[in-house]
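Here's a quick briefing to read alongside the model. Have a look at the fold first, then work through the points by topic.

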Amino acid sequence: MPAVDFHDGVNKGVAPVTYGTGSRPPRGDYAKARADYTCEQAYAQYTEADHETYRRLYTRQLQQLPGLACDEFISAVQQLGTPEHIPHFDEVSERLLIATGWQIVGVPGLIPEEAFFALLAARKFPVTDWIRKPEEFDYVVEPDVFHDLFGHVPLLFNPVFADYMQAYGAGGMKASRLDAAELLARLYWYTVEFGLIATPQGLRAYGAGILSSAGELRHSVTSPQAERVAFDLQRLMRSRYTIDSYQATYFVIDSFDQLFEATAPDFTPVYRQVRDRIAVEGEIAAGAVLAGERRFSANPPARG
Ligand code: PHE
Ligand code: FE
């Protein structure tokens with residue numbers, strides 16, 4: 001593991017570069033952030049309405065999990081503690097540290113890539129401290145505490161997935177040096193955020209973007225409209241994605257071990273091969289399917 005190096009990721013007191021194409025300034029108070037972009041969870045600032053929003057989001061999502069979320073997620077979700085109020089990050093961290101050596105740390109919102117990678121490489125998962133407003137109940141543009149906690153943290157209790165996330169962080173620091181962060185971001189998007197896993201009982205979701213979404217959870221697993229293709233690292237890195245609609249394509253892994261092993265080799269030659277191939281054939285559009293590739297059909301509509 002390379003030493004954590006904050007060179008470009010240092011908080012210089014300005015709003016960070018965010019992803020995507022939006023011109024909105026990032027939400028959240030970056031003045032309170034430390035040099036590594038982490039901050040105290042401003043717990044006293046949550047209002048009763050904030051806790052109520054969390055409670056309603058949690059309850060709605062929890063009842064949808066059976067038959068749609070993977071078992072590893074379902075068995076760990078109660079580690080977040082009571083759904084009655086927004087969890088104290090310190091309390092979740094205490095349990096997580098014992099389980100897999102991870103911690104969660106507060107952040108004011110989206111942070112620059114380099115700072116994000118460095119935190120993951122140190123087994124620290126950044127969690128946005130603010131929660132969406134009631135009028136954003138169904139859709140919020142930036143990740144909030146519900147997405148970050150409910151979506152991401154349960155799987156950090158799984159030892160293999162926890163190791164994958166750390167490896168991703170270290171790989172990200174390397175990708176930045178190789179100017180390949182955009183290709184690597186596709187891996188995060190199609191696994192950590194929107195990944196599906198094949199189980200003997202059928203497809204299940206493990207990606208946080210799916211698991212924290214009221215509509216996409218069912219859609220991703222059961223809709224005949226979406227494409228579901230077998231995980232293939234280079235195919236995935238050649239694939240574009242959409243950020244403003246349900247995914248047109250999901251990548252399906254067989255196990256977390258498979259994901260870990262497929263991503264363990266040095267990506268230096270992989271980035272080169274992917275770039276060469278893109279130069280000749282172009283990128284793969286979201287929703288496109290290639291001749292002969294292994295596809296999965298939707299689960300039958302789940303109950304409820
Ligand atoms: N093996 C990757 C590399 O050498 C690191 C990595 C691991 C990236 C897991 C993503 C996920 O760059
Ligand atoms: Fe996320």
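**The four-stranded sheet**

Four strands line up as β4-β3-β6-β5 in an open sheet with mixed pairing; strands here are DSSP E runs of at least two residues, helices are H or I runs of at least four, and both are numbered from the N terminus. Two strands count as paired if DSSP finds at least two bridges between them. At the edges sit β4 (202-205) and β5 (227-230), each pairing on one side only. On average, neighbouring strands of this sheet are turned by 40° against each other, direction ignored, with axes fitted as lines to C-alpha atoms and angles running from 0 to 180 degrees between N-to-C directions.

This is a predicted model, where local features need pLDDT of at least 70 and side-chain atom pairs count only at pLDDT 80 or more, while totals for chains, interfaces and linings use all residues. Residues are numbered from 1 along each chain as its sequence is written, and chains are lettered from A and ligands numbered from 1 in the order in which they are written.

**Inside that sheet**

- Strands β3 (residues 196-199) and β6 (residues 249-253) pair in the parallel sense over two bridges, and I197 stands opposite I253 in β6.
- β3 also runs antiparallel to β4, with four bridges joining them.
- In that pairing T199 stands opposite G202 in β4, and a hairpin of two residues links β3 to β4.

**The β-α-β unit**

- β1, helix α4 (residues 113-121) and β2 make a right-handed β-α-β unit; right-handed means that, with the strands pointing away from the viewer, the path from the first strand over the helix to the second runs clockwise.
- Strand β2 (residues 124-128) runs parallel to β1, joined by five bridges, and V105 has P126 in β2 as its bridge partner.
- Four of the five residues of β1 (residues 103-107) are buried, meaning that 20 or more other C-beta atoms, placed from the backbone, lie within 10 Å of a residue's own.

**A covered helix**

- Eight of eight residues of helix α5 (residues 145-152) are buried, among them F146, H147 and D148.
- The buried residues of α5 pack against α1 (48-62), β2 and α8 (208-211), contact being C-beta atoms, placed from the backbone, within 7 Å.

**Around ligand 1**

- The residues surrounding ligand 1 include Y164, K174, L187, D266 and F267, with the C-beta atom, placed from the backbone, within 6 Å.
- Helix α6 (residues 159-177) gives the most to this shell, with five residues.
- By class, the shell has seven nonpolar, two polar and two charged residues; Ala, Val, Leu, Ile, Met, Phe, Trp, Tyr, Cys and Pro count as nonpolar, Asp, Glu, Lys and Arg as charged, and the others, Gly among them, as polar.

Definitions and conventions. A residue is buried if 20 or more other C-beta atoms lie within 10 Å of its own, exposed if 12 or fewer, and partly exposed in between; C-beta atoms are placed from the backbone. Two residues are in contact if their C-beta atoms, placed from the backbone, lie within 7 Å.
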